[in-house]
Amino acid sequence: MNSLLELDDIQSGVLRPRPAPYVATYIALRIDERDAGRELMSRVANVVTSAANPTSPLADTGVSVALTYHGFNALGVPQPSLDTFSWEFRQGMAARAKDLGDVGASSPANWEEPLGSTDVHVVIVAVSPDQERLEAALARARNTYRQMKGIEAIWRQNCHALPNEKEPFGYRDGISHPAIEGSGIPGSNPKEEPLKAGEFVLGYADELGGIQRTEPEMLGRNGTYVVFRKLHQRVAEFRRYLKSNSNAPDDEELLAAKMMGRWRSGAPLALCPFHDDPALGADPLRNNDFMFQADDPAGMKTPGGSHIRRTNPRDASIAGVARIHRMIRRGTAYGPLLPEGVLDDDGADRGLMFAFVGAHIGRQFEFVQSEWINDGIFFGAGSDKDPIIGSTDGNGSFTLPRKPVRRRCQGIPQFVVTRGGEYCFMPGLKALRWLSELQT
Ligand code: HEM
């Protein structure tokens with residue numbers, strides 16, 4: 001296949017959508033001895049799958065590896081090299097908490113240990129369509145560090161698909177993906193021009209014409225930034241809010257759809273504003289084939305404040321340009337499903353391991369999180385936040401444009417709490433070998 005990107009040097013976890021259904025495991029490692037860390041890099045380079053076969057089903061099972069800034073430090077990457085990585089990455093997610101809205105229950109002081117600490121150095125992710133192949137991939141990954149003095153596994157999170165590809169609030173997830181020039185993987189919206197590869201992989205031109213380079217160049221080339229966030233979802237509270245703010249079951253589903261911009265089936269309000277269409281929701285050729293501006297400038301169908309219109313306003317008229325704030329998402333659900341109809345919290349931990357992939361943590365992930373999710377000024381809605389994932393103090397608000405009068409929802413509690421997270425870098429395969437050969 002003709003490709004601009006050096007796919008055989010890029011980790012498959014960067015470009016490849018996760019399989020559906022899926023099982024996944026995240027493992028965090030601490031490097032206590034520099035030489036052991038370098039040996040680990042050499043071993044994982046043989047286990048990690050590349051993006052060379054973008055559409056092969058065999059590549060549905062894969063292992064990816066990413067490092068935090070502290071991980072690079074533990075390996076002895078020289079400071080002048082470290083200084084060429086993005087400022088946000090060098091700070092780490094915990095240090096950026098206030099800007100990300102990680103305050104109150106979500107503040108790093110309340111995070112699950114050891115997330116956000118200087119101990120998290122390497123994050124290994126194994127993903128597969130089924131448990132059997134996941135176990136095989138995990139065994140390969142574990143062999144790289146098991147019985148190696150100086151490497152400690154310090155955290156693990158198992159994830160698994162919920163029925164019908166839904167996330168814990170009950171919406172179909174994993175629908176909208178950007179198209180990337182040269183990746184060999186089609187995007188999900190035929191109306192969106194493919195984005196320049198440099199938006200997602202270092203070493204290539206991005207939408208602004210810039211090329212991100214590190215020192216040495218091959219350390220960053222074909223690598224990307226990955227943001228992991230463990231997001232706990234208060235499902236019972238979400239259900240109670242919908243129930244007590246609607247007049248009938250139909251209205252409850254409509255309110256849920258307005259908050260997301262899609263019915264829980266995945267069908268977009270842009271294409272079926274008045275009633276659900278489950279066949280449309282499940283059809284990957286149609287369920288993301290829409291824009292906003294010409295058809296729905298005022299948000300009568302898809303409110304400007306809904307989760308999907310905030311996080312990707314597409315061509316809608318907003319302050320700024322949406323294309324430079326796009327991202328690849330790789331969310332995987334964790335915890336047990338809260339049975340249908342249950343309105344009381346059962347105390348179980350459930351939610352989403354959110355994963356962002358992109359070449360610009362600042363103007364992609366952090367911008368979307370702080371300006372589009374936790375503010376409403378960009379589309380003229382004052383301080384309204386994302387009604388589903390906004391960081392509120394229990395008093396969030398959401399506007400549904402409507403004729404003759406708009407509908408206002410108030411007193412929206414915080415439905416999503418951050419339990420921890422890390423800013424990581426996922427190097428290319430050659431860079432992993434370079435790390436293993438460091439002599440400093
Ligand atoms: C527990 C937290 C979250 C839940 C339950 C959630 C749920 C969803 C769902 C159901 C969709 C629509 C289906 C799809 O297109 O895949 C979606 C889309 C999206 N979400 Fe989230 N999400 C969460 C967190 C986040 C965060 C933290 C971000 C960014 C910082 C984000 C960014 C996006 C984007 C960019 C889209 C695609 C919008 C589009 O292109 O239409 N989400 N999310």
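How do the residues of the lining of the second largest pocket divide into nonpolar, polar and charged? They divide into eight nonpolar, three polar and eight charged, where Ala, Val, Leu, Ile, Met, Phe, Trp, Tyr, Cys and Pro count as nonpolar, Asp, Glu, Lys and Arg as charged, and the others, Gly among them, as polar. This is a predicted model, in which local features need pLDDT of at least 70 and side-chain atom pairs count only at pLDDT 80 or more, while totals for chains, interfaces and linings use all residues. Residues are numbered from 1 along each chain as its sequence is written, and side-chain values use heavy atoms, with hydrogens and water left out.

The second largest pocket has a volume of about 400 Å³ (the space filled by probe spheres set on grid points joined across faces, edges and corners). Among its 19 lining residues, Phe 169, Gly 170, Arg 239, Arg 264 and Glu 340 are the closest to its centre, and helix H9 (235-244) and helix H10 (249-260) are the elements that give two or more residues to this lining. On a 1 Å grid over the protein atoms alone, a pocket is an open set of points with protein on both sides within 12 Å along at least five of seven lines, a cavity is a set where a 1.4 Å probe fits but cannot get out, and lining residues have an atom within 4 Å of a point. Helices (H or I, at least four residues) and strands (E, at least two) are DSSP runs, numbered from the N terminus.

At the ligand, the iron atom has His 307 (NE2) as its only protein donor, at 2.2 Å, donors being N, O and S atoms within 2.8 Å of the metal (3.2 Å for Na, K and Ca), with water not among the atoms, so sites may look incomplete. His 307 lies in helix H12. An oxygen atom of the ligand lies 2.7 Å from a backbone N or O atom of Ile 175, and a polar side-chain atom of Asn 312 lies 2.9 Å from an oxygen atom of the ligand. The shell around the ligand holds twelve nonpolar, seven polar and six charged residues.

The largest cavity contains about 260 Å³ of space and is lined by 21 residues, with Gly 13, Ser 64, Val 125, Val 127 and Arg 330 nearest its centre. The second largest cavity has a volume of about 60 Å³, and its lining includes Tyr 26, Trp 155 and Phe 228.

Notes:
Polar contact = N/O pair within 3.5 Å; in protein donor to acceptor, adjacent residues only side chain to side chain.
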